[in-house]
Amino acid sequence: MDLKSNRTSPVLTDPAPMNMSTLGMHSTRLPYSSPRAPLCPGLTIPWKKTGILDDFRSSCWLDAMKSSSPPPKKITKAVNNEYASYDADVAYNAWMVEYPSAIASFEKITDQAKGKSIALFLDYDGTLSPIVDNPDCAFMSDAMRAVVKKVAKYFPTAIISGRSRDKVYEFVKLKELYYAGSHGMDIMGPVRQYISDDHTNCVRSVDEQGKEVNLFQPAGEFLPMINEVLRSLIERTKDVIGVNVENNKFCVSVHYRNVDEKHWKTVAQHVNDVLKDYPCLKLTHGRKVLEVRPDISWNKGKAVTFLLESLGLSNCDDVLPIYVGDDQTDEDAFKVVREGHQGYGILVSSVPKASDAVYSVKDPSEVMEFLKSLVTWRKSSAL
């Protein structure tokens, strides 16, 4: 499958804001306008019931934050360390029975790929780059970049990240890929063969080289609201040491990785105090990050489906999608590729945790090994 003609640079100027007629939607709701009016944009999304955020605050915040974050290291006696290490190894080995190594299972994966076209989808943080204390320093190694460039030569490859599309491109710097930022709410992809009724807010544009691309932003109407929330969160959290509020265009990420655990509740309280005035936004969590984003029916899984459709690979028996990711937000994509497209999700994790993935790898170094193996396999199968 020759897709080279469709591959373009992701550095793209967004088109003018879309109105309701552009979105193909009709609503009696007023557009978002007043800084103090918690109105939803004219999208078909349900209003949250009063009190849901307060309930979340009182019963779920700290549990959710702690469950998504590794426990702090403690100084213990050597014998306790030995027992703890043994128990961890036993638990991990038992978990690996259910989520076997993608590297050890590589032959089984490629057996399923024979006669099919592989479509590859990759998360960024924790998958192509290590998790670091400062999210602005999550740099991709030159070795990983070279491998991703090679794999994109043989397979259509997309990065689907919680980061903004522009930001993840600045980290990856590969024009051969497709990019979906803000958890799939900002997608730059190949020109679609047709525009379905489900995606009327997909518009054609051109990149800096003058080539046609499709830009899909299902939450475009939320952008003024997101920018306002960003400013409020920066102001509210400015006195909490270690907080990093990141602008990811269609979502705001509040990183608390460098915040003392005794102040996590304060961070959560500030986020809730801002969010309670915006019933059209929702709060999700990842690895030491709280994320505010539009409460619409869109996620990384739907981004995978959209990209497969854009590539002309949806509803095809001869396509094997593979998604590699490490975070809770990747679970929607794992489920889609497994149940909807008979593909494989690969979870990046060095600790046991439940997942809709089929296989696992321990860390980004094993991700790179897996991608290298794909390139070698494709080269040899072409001989």
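Biologist: What makes the crossing of helix 8 and helix 9 left-handed or right-handed?

Modeller: A crossing is left-handed if the near helix is turned anticlockwise from the far one by less than a right angle, and right-handed if clockwise. Helix 8 passes helix 9 in a right-handed crossing, so the clockwise case applies. Helices (H or I, at least four residues) and strands (E, at least two) are DSSP runs, numbered from the N terminus. The model is predicted: local features need pLDDT of at least 70 and side-chain atom pairs pLDDT 80 or more, while totals for chains, interfaces and linings use all residues. Residues are numbered from 1 along each chain as its sequence is written, and side-chain values use heavy atoms, without hydrogens and water.

Biologist: At what angle do helix 8 and helix 9 pack?

Modeller: About 145°, for helix 8 (residues 223-236) and helix 9, with axes 10 Å apart. Axes are lines fitted to C-alpha atoms, for helices over the stretch in contact, and angles run from 0 to 180 degrees between N-to-C directions.

Biologist: Which residues make the contact?

Modeller: Contact means heavy atoms within 4.5 Å. Helix 8 supplies Val-229, Ser-232, Leu-233 and Arg-236, and helix 9 supplies His-270, Val-271, Asp-273 and Val-274.

Biologist: Why are strand 7 and strand 9 called edge strands?

Modeller: The open sheet has four strands in the order 7-8-10-9, with antiparallel pairing. Strands pair if DSSP finds at least two bridges between them. Strand 7 (244-247) and strand 9 (281-286) each pair on one side only. By contrast, strand 8 (residues 252-255) and strand 10 (residues 289-294) pair over four bridges, so they pass that cut-off.
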